[in-house]
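I opened the model to go through a few local features one at a time. My notes follow in the order in which I looked things up.

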Amino acid sequence: MLIRRIGEWIISLAEDSHPRELMIEVTTHCNYDCIHCFRRVMNESLGHMDPRVFDRVLETAKKAGVEKLSFSGWGEPLVHPNIVDMLRLAKEAGFKVLLNTNGSLLGGIAKTIVDLGIDEVVVSIDAVDPQLYGNIRVKGYLDTVTENLVKLKELLKETGSWKPVVKIEFTLNKLNYLELKRIVDYAKLVGATHVIVSNIIPLTLEHEEKLACYRDNECLKQLEHLKTELGKKSLDSNVQVHMPSFNVVVERKCPFTQNYALYIRWDGLVAPCIYYAHTWKNTFMGIEREIKAVILGNILEEELIDIWRRRENAEFRLRATIFNQPSCLDCPLVKYCTLTLTNQVDCWGNTPTCAHCPYSHDITRCPL
């Protein structure tokens, strides 16, 4: 299938092209109310994925050749009433499984996770100080999360299992950046082998001014010193620390296209990524933007492989792979350009566009 002609180059889709990973949003409900959460500006009804929709996800994913399912998204997977059955069915179907959670409910299913052989567990820990943790991850209690992670660590030791691999995701802001000094020691305590650091995506101009480390010279200066300290601790402890970029002038890469991944919403709609899964608003580098949901198809109405191979969807992935798109974040005209205020079109005629996506600059990260 011809996808696009660029000058003398003709680009076509390989006959064996297929998705290899799905991020599955089993719910948009959450028992936390984190200060940086997208859900705070979400203008849609919340919902749980119906078991019949999940069965359809497994069926069509298997047919499409998907290898890995990441239970993540805009809600907390463990609040879904059928999450244990979902994890079990996913493993029985032969998929690699990643669970991304706030960790608050992990203790109750820790043994199940080990028994099922869940491959990865990623837990969001934005502070090692309990009070600061509660201020950032509102309604959450660090002591509970720590207790749950230690329980999981002890179960792994008792069973001699190496699954799941436990990782920590740390969302960086001006309130918590000094907590990075202690995050490696905390990771050792709870048995985590990786710490993945990401910047926040501010929800408003005020939010960016108050919280964004990437806009604060003192915060950036302190982080330069911390990187060396973290590097030494990482070597001494075998805990890998993955730092984000703080510079918009970098080679752009889309984490979803790199992993041949798609995003499945709780209602069965298919999106290209977590950033474009829902309609919401954010602020980045001083520009307020409205992000419109980009819907590629519906797995209740067609096969996942057909959605993946549809020409317009393949063209979208091509643009995100080679990044034949403008870069709004470092454009000198960004403050005056009305096209950059949404993701619907850019000045090169791409629609939709990824021209101002912070994930592509590695400033922000998501677990895949």
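**Notebook: backbone and burial**

I looked up Met285 and found it buried, with a relative accessible area of 19%, where buried means under 20% relative accessible area, exposed over 50% and partly exposed in between (1.4 Å probe, protein chains only). Met285 lies in the loop between β12 (280-284) and β13 (287-291), and its phi is near 55 degrees, a positive value in a residue other than glycine. Helices (H or I, at least four residues) and strands (E, at least two) are DSSP runs, numbered from the N terminus.

I note that this is a predicted model, in which local features need pLDDT of at least 70 and side-chain atom pairs count only at pLDDT 80 or more, while totals for chains, interfaces and linings use all residues. Residues are numbered from 1 along each chain as its sequence is written, and side-chain values use heavy atoms, with hydrogens and water left out.

I then turned to Asn238, in the loop between α8 (217-237) and β9 (240-242); its phi is also positive, near 65 degrees, but Asn238 counts as exposed, at 66% relative accessibility.

For Ser124, in strand β6, I read 12% relative accessibility, so Ser124 counts as buried. Leaving aside residues up to four places away in sequence, Ser124 touches Asn100, Thr101, Asn102, Tyr133, Arg137 and Glu169, contact meaning heavy atoms within 4.5 Å.

Last, I checked prolines: the peptide bond from Lys163 to Pro164 is cis, with omega near 5 degrees, and Pro164 sits in the loop between α5 and β7. Another cis peptide bond joins Thr351 and Pro352, with omega about -5 degrees.
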